[in-house]
Amino acid sequence: MAKLKLASYWAAACGGCDVAILDVHEKILDIAAAADIVFWPIATDFKYSDVEAMPDADIDVTLFHGAIRNSENEHLARLLRAKSKILVAFGSCAHIGGIPGLANLFSREDILKRVYLETPSTVNPEKITPDPRTAVPEGEITIPVFHDAVRPLNQVVEVDYYVPGCPPTPAQIWNVVQAIVSGQLPEKGSVVGASEKTQCDECTRKKQEKKISGFKRIATVQPDPDTCFLEQGFLCMGPVTRGGCDTRCQLSGVGCRGCYGPPPGVLDQGAKALSAITSVIESKEEADVQRIVDQIPDVLRSFNRFAIPASLITRKVL
Amino acid sequence: MKRISIDPITRLEGHGKIEIFLDDDGRVANCYFQVPELRGFEKFVEGMPIEEVPRVVSRICGV
C-alpha cells in the first residue's frame with residue numbers, strides 16, 4: 001500500500017497540538033512507517049511555496065491546528081483545503097476558536113493599542129503599530145492583516161473531521177491516527193478522538209445532588225479532592241463539555257474549563273453552561289439567586305473560555 | 001536587487017519569516033526578520049481572576 005501523505009499546520013496556535021502529536025512517543029515511528037510527512041513547520045523544513053507547488057488533493061490528511069486570526073492563517077486554511085483530501089480541525093483553536101478566541105471580546109484596535117503602546121514593558125517612543133505593508137530602502141516588506149475577529153476553521157473552509165482538546169490527549173491522537181491509517185473514519189463532519197458523553201459522565205469525583213448555595217474560588221478556598229467541584233461551589237464546565245480527555249483537569253485539582261467543546265446536541269457551550277449551572281442554584285428568591293450568580297467569577301470568560309468564536313454570537317458586538 | 005524570502009522559518013515555536021536583499025554582487029545588503037503573528041494575550045487576560053491566568057497564558061507557547 002502506498003504511504004499516506006500527512007501534513008500538520010499551525011495557524012493562530014501555541015504549538016501545543018504539535019507537541020501533543022509528538023507525545024505519542026515511540027508510536028511516532030509507526031506513524032512515520034505509515035505516512036510521509038509532506039509539511040509540518042515545527043518539525044520539518046518545507047516552505048509555503050512547496051505546498052503551493054503541490055497538485056490539488058495531493059495530501060491525504062492535514063491536521064490543521066490554530067484559529068483563523070489573520071490573513072496568513074486564512075490563506076493557509078484555503079491552500080491546505082485545496083491540497084488535502086481530508087482536512088481535520090485539530091485541537092480547540094481550529095475546532096471552536098480556543099484561547100485566541102477570547103480576543104473576540106475586544107476590538108482589533110483595543111488589542112493593538114494595549115500590546116504595542118500600553119503594556120508596562122513596551123518601549124515604543126515612535127508609537128509604531130504593525131502595518132501590513134512597510135516601505136524599506138530595498139523595496140517593500142509585508143506581514144499578514146490582523147482580522148477584526150477570530151474564527152474557527154469551519155467558518156473559513158469546509159472541514160471533514162474535528163479533533164477536540166487543548167491539546168487533544170496523545171491517547172486520543174493515536175486513536176485518530178489508527179482510524180485514518182485503517183480507513184475507518186466515521187461519517188464526514190464527525191467529532192473524532194473524543195467520547196459521546198459529557199465530562200461529568202466520566203468524572204470519578206463523588207457526586208450527590210447538585211445544589212449550589214454560593215460560588216467559591218480556588219484562590220481563596222481549598223477544594224475537597226474527592227468531591228464534585230460544582231457541588232462544592234467551584235465552577236466546573238463538566239456538565240456542558242464533551243468527554244474523552246480522562247478528566248485530566250478535574251484529576252489535577254481544578255474544574256473543567258471546556259476545552260473539548262460542547263457535548264453532542266449542544267450548539268452553544270457558553271449558553272448551555274449558563275442554563276445548566278444557574279439551574280442548580282439552591283434558591284427561588286430572585287434577590288438570593290442574583291447574589292449567588294454575582295459570585296461566579298468572570299462569567300463571560302469562564303463559561304466561554306474556549307468557544308466564543310463558535311458560539312451563536314461569535315464575538316462582542318462593538 | 002535580488003530578494004530571498006524564507007517563509008516560514010521552521011523547526012521552532014511560532015511564526016516567523018526572513019526577507020533577505022542581495023546587492024548586485026550577490027552579497028547581503030540587508031535582511032529583515034518578521035513575526036507575522038499576534039493573538040493579544042496582553043489584552044484578553046486583563047481583569048481575569050488571578051487563579052485563571054496560568055491556565056490561559058500557558059497557551060502562549062505549548063512547546
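Mentor: B:Arg27 and B:Asp25 form a salt bridge (a side-chain nitrogen of Lys or Arg within 4 Å of a carboxyl oxygen of Asp or Glu), with their closest N and O atoms 3.3 Å apart. Both B:Arg27 and B:Asp25 are exposed, where exposed means over 50% relative accessible area, buried under 20% and partly exposed in between (1.4 Å probe, protein chains only). The model is predicted, with local features needing pLDDT of at least 70 and side-chain atom pairs pLDDT 80 or more, while totals for chains, interfaces and linings use all residues. Side-chain values use heavy atoms without hydrogens and water, residues are numbered from 1 along each chain as written, and chains are lettered from A and ligands numbered from 1 in the order written.

Over all chains, the search finds 28 salt bridges. One of them joins A:Lys85 to A:Asp60, N to O at 3.2 Å; because A:Lys85 belongs to strand S5 of chain A and A:Asp60 to strand S3 of chain A, this pair ties together parts 25 residues apart in sequence. Helices (H or I, at least four residues) and strands (E, at least two) are DSSP runs numbered from the N terminus. A:Lys85 is partly exposed at 46% relative accessible area, whereas A:Asp60 is buried at 17%. A network of salt bridges links A:Arg81, A:Glu158, A:Asp160 and A:Lys188.

Between chain B and chain A there are five salt bridges. In one of these, A:Arg217 meets B:Glu51 with the closest N and O atoms 2.8 Å apart. On the side of chain B that touches chain A, the elements giving two or more residues are strands S1, S2 and S3 and helices H1 and H2 of chain B, and H1(B) gives the most, with four residues.

A:Arg114 forms a salt bridge with B:Glu46, with 3.2 Å between the closest N and O atoms, and this pair crosses between chains, from helix H6 of chain A to the loop between H1 and H2 of chain B. A:Arg114 counts as buried at 17% relative accessibility, while B:Glu46 is partly exposed at 32%.

Helix H6 of chain A, residues 108–118, has as its buried residues A:Ile111, A:Leu112, A:Arg114 and A:Val115. Seen down the axis of H6(A), these fall within an arc of 165°, so they line one face of the helix, the arc being that of the directions from the helix axis to the C-beta atoms. The buried residues of H6(A) pack against strands S4 and S8 of chain A together with helix H1 of chain B, contact meaning heavy atoms within 4.5 Å.
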